[in-house]
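Subject: Structure handover

Hello,

Here is the structure I promised to pass on. Please open it first, then read the notes below.

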Amino acid sequence: MSLVQVIGGGYVGLTTAASFCHLGHEVEVVELDPARRSKISSGSAPFFEPGLEALLEAGIRAKRLRVSSPDTAEYQSAEFVFLCLPTPDLPDGSADLSALYEAVAIAAPRLSAGTVVVSKSTVPVGTARQLEALLARSDIALVSNPEFLQEGAAVSAFLNAERVVIGADDAEAANRVAALYAGIEGRVVVTSVESAELAKHACNAFLATKLSFVNSIAALCELNGADISEVTEVMGSDSRIGPKFLNPGPGWGGSCFPKDSASLLHDARRAGFDFQLLQATIAANEQSFDRVVERISDSCGGDLKGRTVAVWGLAFKAGTADVRHSPALAVIARLHAAGASVVAFDPMVSRIEGVTVAEDEYAACAGAHALTVLTEWPQFQWADLGRVAEIMAARVVVDTRGIIDVDRATHAGLQVWSVGRAHHGGTPDASSVRS
Ligand code: UDX
């Protein structure tokens, strides 16, 4: 059993802490925010993440998990210090590393010789070297161990990781960090510190590129009468491409892809490389948001002024309550700018500044001139479309996730534009708008 200190009680930190505790280690979470500290110490997660609360509770009950503030943390007893702090994007696209620097500055003089400091936050390549310089302790090794967690499946992603990446100069430190993961079947990949940092950014930027590509192919499908689900079935059955991350959508978002792609682009520029492909990936995502709004506008007769649009979904994907960089918010901002009123519903998000949120998916549709589906929640897939058609002012659905059954919708009298498919139900005209 090792004492693992986890600095930062956010998504990455708490998932790491609860999972290491589950693997049998003693864990101390160091969290600045008192409200968050008291939640965690009572065994509740401060955000929705399936499976997390059960592990936190079990850890606290077994007395293997505790929570401290930076002032009371037992730095001197820690064998490992995991840095799990946010690295938000600054207006120029670069990552704000101040929380990391601050945590290292506090810990540095207090740590015992032989401690391994592990950087888990997603950071620009070269950050670990800077942290090493700030640490200024030749008796302490610094290792990069990036996280690859997906929100909504973070705990199972940690415990069933496909690979554990350990970037280290010091083989002994790498082995000690690898040993913490004993019990996880994934392959341990040991790399240089720089490779580990860059690999994390490369994975996210690659996945974002895959999605921008798929969304662009979906646009071509619509223009040429092809069907994106058939096209991606063919693409995905090629083992060189693989079937995952081929679902088209309104564009990609979340707390990682937008921030990490902007940060990688910024770092590339700083290093003297014009990363045109990544730039195009980001631009294609904005184009996706624009296209969704164009579709909604088309379905409202070409002008959104004075129209009411029902929005199903605010979270950046199903399975989470997180709205950070949500495609839904990007689309809503564009709808507002074009003069439309928006009434939204999301099963996990009940309040959001500047957006009217209805109490259920049907209330959101009352009197709406168009409905758009922006998050792939299963309850939208199974909604009573007859009821939806009955209460809308115009019976038009713009389904950016391809989850609404077109036959069922058409049968209910709805016209459907479904991402990556030819338009169904004819072009809406003024006569379809009821007063
Ligand atoms: C992502 C990475 O997957 C994870 O490895 C990394 O550690 C953090 O960033 P996450 O932000 O939780 O995880 O979301 P993810 O499931 O990857 O989805 C990102 C965005 O892509 C969402 O907006 C989602 O809706 C979209 N997406 C994903 C699609 O549009 N289609 C897909 O097939 C998959």
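The notes below cover the sheet, the aromatic rings, the cavity and a pocket.

First, the ground rules. This is a predicted model: local features need pLDDT of at least 70, side-chain atom pairs count only at pLDDT 80 or more, and totals for chains, interfaces and linings use all residues. Residues are numbered from 1 along each chain as its sequence is written, and side-chain values use heavy atoms, with hydrogens and water left out.

**Sheet**

Helices (H or I, at least four residues) and strands (E, at least two) are DSSP runs, numbered from the N terminus. Two strands pair if DSSP finds at least two bridges between them. Six strands form an open sheet with parallel pairing, in the order β11-β10-β9-β12-β13-β14. Its edge strands are β11 (356-357) and β14 (415-418), and each pairs on one side only. Strand β12 (residues 370-373) and β9 pair in the parallel sense over four bridges. Across from L371 in β12 stands A310.

**Aromatic rings**

Rings of Phe, Tyr and Trp (its six-membered ring) pair if their centres lie within 6.5 Å; planes under 30 degrees apart count as stacked, over 60 as edge-to-face and the rest as tilted. The whole structure holds ten aromatic pairs. Take F158 and Y181: their ring centres are 5.6 Å apart and their planes are at 25 degrees, so the pair is stacked. F158 lies in helix α6 (residues 154-159), and Y181 in the loop between α7 (171-180) and β8 (187-191), so the pair ties together parts that are 23 residues apart in sequence. Both F158 and Y181 are buried (under 20% relative accessible area; exposed is over 50%, partly exposed in between; 1.4 Å probe, protein chains only).

W312 and F380 are also an aromatic pair, stacked at 5.0 Å centre to centre with 25 degrees between the planes. This pair links distant parts of the chain: W312 is in strand β9 (residues 308-312) and F380 in helix α14 (residues 378-381), 68 residues apart. W312 is buried, with a relative accessible area of 0%. F380 counts as buried too, at 0% relative accessibility.

One aromatic cluster is formed by F20, F82, F158 and Y181.

Charges sit over rings as well (NZ of Lys or CZ of Arg within 6 Å of the ring centre and within 35 degrees of the ring normal). The charged end of K200 sits over the ring of F148, 5.8 Å from its centre. R387 lies over the face of Y362, at 3.9 Å from the ring centre.

**Cavity and pocket**

On a 1 Å grid over the protein atoms alone, a cavity is a set of points where a 1.4 Å probe fits but cannot get out; a pocket is an open set with protein on both sides within 12 Å along at least five of seven lines; lining residues have an atom within 4 Å of a point. Grid points are joined across faces, edges and corners, and a volume is the space filled by probe spheres set on the points.

The search finds one cavity of 30 Å³ or more. Its lining is I7, V81, L83, A103, V104, A107, L111, V117 and L135. Helix α4 (98-107) and strand β4 (80-83) each give two or more residues to that lining.

The second largest pocket has a volume of about 200 Å³. Its lining includes W252, H325 and A330. α11 gives the most, with four residues.

Best wishes
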